[in-house]
Amino acid sequence: MATGQNTEGDANPRQPALDRTLADFDPVKKPKRNKFAFACATLASMTSVLLGYDIGVMSGANIYIQDDLKISDLQVALLVGTLNLYSLVGSAAAGRTSDRIGRRYTIVMAGAIFFLGSILMGFATNYAFLMVGRFVAGVGVGYALMIAPVYTAEVSPASSRGFLTSFPEVFINAGILLGYVSNYAFSKLPTNLGWRFMLGIGAIPSVFLALVVLGMPESPRWLVMQGRLGEARKVLDKTSDSKEESQQRLSEIKEAAGIPQDCNDDIVHVQKQSHGEGVWKELLIYPTPSVRHILICGIGIHFFQQASGIDAVVLYSPRIFEKAGITSSNDKLLATVAVGFTKTVFILVATFLLDRIGRRPLLLSSVGGMVLSLATLGFGLTMIDHSDEKLPWAVALSIAMVLAYVSFFSIGMGPITWVYSSEIFPLKLRAQGTSMGVAVNRVTSGVISTTFILLYKAITIGGSFFLFAGVAAVAWLFFYACLPETRGRTLEDMEVLFGSFFKWRSALKDEQRKEVSGENGGQIQMGTKAQE
């Protein structure tokens with residue numbers, strides 16, 4: 001970390017104090033947010049609206065689908081939960097697809113597949129037809145979920161990567177809110193039309209997204225891996241905070257891709273990658289200690305994000321509110337809109353805190369709050385279950401705790417999962433590593449959302465939230481022990497943080513001591529090292 005003055009651009013950094021102007025003593029100004037990188041991250045992350053909309057809209061649509069098609073609770077659970085399992089097909093294919101055709105065209109493909117799925121669901125005439133549309137939409141969601149955070153992380157400068165890489169989670173929440181609003185808006189239509197409009201209207205944003213993404217540049221890291229250094233240099237110049245940072249990022253990407261530093265032609269020959277075969281071996285069969293630690297952290301954070309019950313709350317919030325004592329369909333949908341609004345507001349707050357506070361403090365505070373709110377929600381719902389008369393205080397407590405839970409989730413656990421997992425994998429392993437994290441995320445979400453109705457019937461609804469509170473407590477211990485802070489580091493500089501598992505703090509201190517001892521003979525690099 002540099003102190004007081006920037007020596008990089010001065011011809012004589014040791015000039016006498018009398019020769020200096022007042023400007024030399026001014027504190028170093030923080031670079032302004034890069035507007036071009038901001039626009040790219042926004043457009044790429046908007047694909048996450050597709051997943052959010054589907055989650056939000058299905059929470060209300062499933063009530064009307066059950067009435068119209070006369071399906072059982074088990075069929076409802078399969079309809080709601082299997083999209084997450086279907087998305088595995090998309091997320092598994094997205095890693096290899098994005099390495100072959102590029103990050104940008106993979107985003108276009110995600111929008112096109114989701115469009116087809118939405119149309120099929122909107123025109124479904126029976127349960128089987130609806131499930132086919134659900135499968136197609138799920139594949140599109142899987143593509144979008146994997147590629148949006150990868151593209152955003154690769155295009156963002158280190159100074160605002162946390163802010164920009166949290167955008168997918170912002171748009172998931174915006175999509176959930178839109179889905180809830182769609183439920184409320186179309187609930188007045190006849191039952192056989194209402195749910196079809198709710199599901200079919202999702203085709204509109206997917207067309208818009210597929211078109212606007214074509215105006216974005218390709219990921220500079222993908223361009224370097226293809227040997228297209230000239231194009232990568234132009235993108236980096238536009239998305240970096242300074243010319244020096246652009247050159248530094250290009251140098252680090254070239255090193256990671258195995259391109260000699262003295263090779264500066266616009267087009268260079270790069271040994272063709274095997275598009276995944278060697279990568280999977282390096283990731284799973286013969287991983288280095290660093291890669292093994294990264295893989296455990298990347299998969300662990302995705303698992304705990306979903307195992308702590310967020311999709312159960314979001315997908316089944318009308319049923320939870322019904323158990324809490326709200327009987328009117330209109331009131332249940334309005335309360336659900338309040339959940340979506342709360343999630344969206346707090347995720348926006350989180351985007352501004354990620355690069356200021358850091359990943360670890362925000363994550364640990366968030367999960368601690370989730371444990372408390374889940375346990376209190378379990379208590380409130382248990383009291384309602386065991387009482388023969390209505391308990392207004394328990395109803396109010398349960399509603400407040402649902403809102404508190406989604407708030408704590410959205411301010412840390414929600415966005416940091418996507419930020420952290422997209423930035424820790426080395427360049428060569430990033431697409432496949434991130435797709436593995438997304439696969440675990442979707443499997444866990446699918447299991448939770450498919451079995452939640454059966455779970456709360458078996459152990460009561462209060463008991464199910466006590467269970468989620470226990471899982472969140474284990475998550476807090478895992479994050480505290482295993483996840484190092486990554487704020488401020490370049491993507492190519494991440495690997496040094498990992499490899500020592502529980503001893504990462506002492507390893508980081510040793511590295512910092514070496515850097516301090518080498519500073520007198522070397523140039524100080526500004527703003528690229530994380531503080532613990």
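Q: Is Thr434 buried or exposed in this model?
A: This is a predicted model, so the answer rests on computed values. Thr434 has a relative accessible area of 1%. Since buried means under 20%, Thr434 counts as buried.

Q: Where in the secondary structure is Thr434, and which residues is Thr434 in contact with beyond its neighbours within four places in sequence?
A: Thr434 has its place in helix α20. With the neighbours within four places in sequence set aside, its contacts are Met146, Val150, Ser421, Ser422 and Phe425.

Q: How many helices and strands does the protein chain have, and what share of its residues is buried?
A: Let's step back to the whole chain. The secondary structure comes to 22 helices and zero strands. The chain has 532 residues, and the share of them that counts as buried is 55%.

Q: Among contacts between residues at least 6 apart in sequence, what share joins residues at least 24 apart?
A: Contact here means heavy atoms within 4.5 Å. Taking the contacts in the protein chain between residues at least 6 apart, those that join residues at least 24 apart make up 82%.

Q: What share of the accessible surface belongs to carbon and sulfur atoms?
A: The accessible surface of the protein chain is about 21,700 Å². The part of this surface that belongs to carbon and sulfur atoms is 65%.

Q: Which residues of helix α1 are buried, and what covers them?
A: Helix α1 spans residues 35-45, and its buried residues are Ala37, Cys40, Ala41, Thr42, Ala44 and Ser45. The cover over these buried residues includes α2, α4, α5, α6, α7 and α11.

Q: How many aromatic pairs are there, and what is the geometry of Phe186 and Phe197?
A: The count of aromatic pairs comes to twelve. In one of them, the ring centres of Phe186 and Phe197 are 5.6 Å apart, with 20 degrees between the planes. Planes under 30 degrees apart count as stacked, and the pair of Phe186 and Phe197 is stacked.

Q: Which helices does the pair of Phe186 and Phe197 link?
A: The two residues are eleven residues apart. Phe186 belongs to helix α7 (residues 167-186) and Phe197 to helix α8 (residues 191-200), so the helices linked are α7 and α8.

Q: Why is the pair of Phe304 and Phe479 edge-to-face?
A: A pair of aromatic rings is described by the distance of the centres and the angle of the planes. The ring centres of Phe304 and Phe479 are 6.1 Å apart. Because their planes stand at 85 degrees, the pair is edge-to-face.

Q: How many residues apart in sequence are the parts that Phe304 and Phe479 tie together?
A: Phe304 is in helix α14 (residues 289-307), whereas Phe479 is in helix α21 (residues 461-482). Phe304 is buried at 11% relative accessible area, and Phe479 is buried at 1%. The parts that the pair ties together are 175 residues apart.

Q: Which ring does the charged end of Arg104 sit over?
A: The distance from the charged end of Arg104 to the ring centre is 4.9 Å.

Q: Which helix gives the most to the lining of the largest cavity?
A: The structure holds two cavities of 30 Å³ or more, and the largest has about 120 Å³ of space. Its lining has 16 residues, with Glu169, Ile172, Gln306, Asp311 and Phe409 nearest the centre. At least two lining residues come from each of α2, α7, α14, α15, α19 and α20. With four residues, the helix that gives the most is α7.

Definitions and conventions. Residues numbered from 1 in each chain as written. Predicted model: local features only at pLDDT ≥ 70, side-chain atom pairs only at ≥ 80, totals over all residues. Heavy atoms only, no water. Buried < 20%, exposed > 50% of the residue type's maximum accessible area, 1.4 Å probe, protein only. Areas by Shrake-Rupley, 256 points an atom, 1.4 Å probe, with all protein chains shown as cover. Phe/Tyr/Trp six-rings, centres within 6.5 Å; stacked < 30°, edge-to-face > 60°. Lys NZ or Arg CZ within 6 Å of the ring centre and 35° of its normal. 1 Å grid on protein atoms, 1.4 Å probe; cavity = no way out; pocket = protein on both sides within 12 Å on 5 of 7 lines; lining within 4 Å. Points joined across faces, edges and corners; volume = space filled by probe spheres on them.
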